[in-house]
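Me: I have a structure open and want to learn how to read it. Can we take it feature by feature?

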Amino acid sequence: MLYKIFSDARFFRALLAFDRDLARQTQAAGCRQCLDGPLHVANYRRKPRGISFDDDDLCQRFSFCCGREGCRHRATPPSVRFLGRRVYFAAVFLLVSAMRHGVSQPRAAQIEKLIPVDRRTLERWRRWWRETFVQTPFWRMARGRFASLAGEGAMPMTLLAAFGFESMPSYHVPLLRALAFLGPLCASAVVAPPRSLRVESFTQRMLIDRTSSEVYSGSS
Ligand SMILES: [Zn+2]
């Protein structure tokens, strides 16, 4: 399944459309630092490892810079494609970390064939979810909404399961929702996690619906 997801350019384009909407919202809100200046586009290029698509836009991290002299504050919106400064796409970081039974040698070899993440990196990722992520203010605020779930020791599978990753017939929508949930975690402004597991703007809602209808109708 990982192979299917990681070679699905259409899914990554849906993530890109989602990020464009998040960027529009950030820009419309204006500068949070001086509360006055307009935000100008100041995107930068990322070089995500592990997945290569021909689409240059997919590797753009949307970002803005305040146009007011003396402020020049940088505003980086939440993203469903990138999680902080990690060199892998957020989807890769999330899914590979979620491999259920730990990182056994054969499994690590399998993943390594698919995407070049070495065993030590995998173990570091898993530790990050189970030790660092669960201590973040973001997760502390959000964890109440996941009260009915299994323990945090199974992160990030717990998170994916909450969005229906294992129970829904297609992975696209649950994965997109999980990524959208995590999006604010690494935005430049401190953003609280969504108040429920399904809060999207109208545009984002349409993007999610379109993603799922394309998948179910089998169009390409
Ligand atoms: Zn400013």
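This is a predicted model: local features need pLDDT of at least 70, side-chain atom pairs count only at pLDDT 80 or more; totals for chains, interfaces and linings use all residues.

Me: Where is Leu 35 placed?
Reply: Leu 35 is in the loop between α2 and β1.

Me: What is phi of Leu 35 near?
Reply: Start with the general idea. Most residues other than glycine have a negative phi. Now the case here. Phi of Leu 35 is near 55°, a positive value, and the residue is not glycine.

Me: Which loop holds Arg 72?
Reply: Arg 72 is in the loop between β4 and β5. Its phi is near 55°, again positive in a residue other than glycine. Arg 72 is partly exposed, because 15 other C-beta atoms lie within 10 Å.

Me: Which peptide bond is cis, with omega near 0°?
Reply: In general, most peptide bonds are trans. Here, the bond from Met 155 to Pro 156 is cis, with omega near 0°. Pro 156 is in the loop between α6 (137–142) and α7.

Me: Now the sheet. What is the order of its three strands?
Reply: Read across the sheet, from neighbour to neighbour. The order is β1-β4-β5, the sheet is open, and the pairing is antiparallel.

Me: Why is one side of β1 and of β5 left without a neighbour in the sheet?
Reply: β1 (39–41) and β5 (74–75) stand at the edges, and each has a single partner strand, so one side of each has no neighbour in the sheet.

Me: How many bridges join β1 to β4?
Reply: Three bridges join β1 to β4 (residues 64–66), and these strands run antiparallel. Take His 40 as a case: its bridge partner in β4 is Cys 65.

Me: Last topic, the cores. Which residues touch the most other members of the largest nonpolar core?
Reply: General idea again. In soluble globular proteins, nonpolar side chains tend to be buried together. In this model, the largest nonpolar core has 41 residues, and Ala 90, Leu 176, Ala 178 and Leu 179 touch the most other members.

Me: Which helices each supply at least two residues of this core?
Reply: They are α2 (9–29), α3 (90–97), α5 (119–132), α7 (157–162) and α8 (172–182). The most comes from α8, which gives eight residues.

Me: Which residues does the second core include?
Reply: The second core is separate and has five residues, among them Cys 31, Leu 39, Phe 64 and Ala 75.

Methods
Residues are numbered from 1 along each chain as its sequence is written. Two strands pair if DSSP finds at least two bridges between them. Helices (H or I, at least four residues) and strands (E, at least two) are DSSP runs, numbered from the N terminus. A nonpolar core is a set of buried Ala, Val, Leu, Ile, Met, Phe, Trp, Tyr and Cys residues joined through C-beta atoms within 7 Å. A residue is buried if 20 or more other C-beta atoms lie within 10 Å of its own, exposed if 12 or fewer, and partly exposed in between; C-beta atoms are placed from the backbone.
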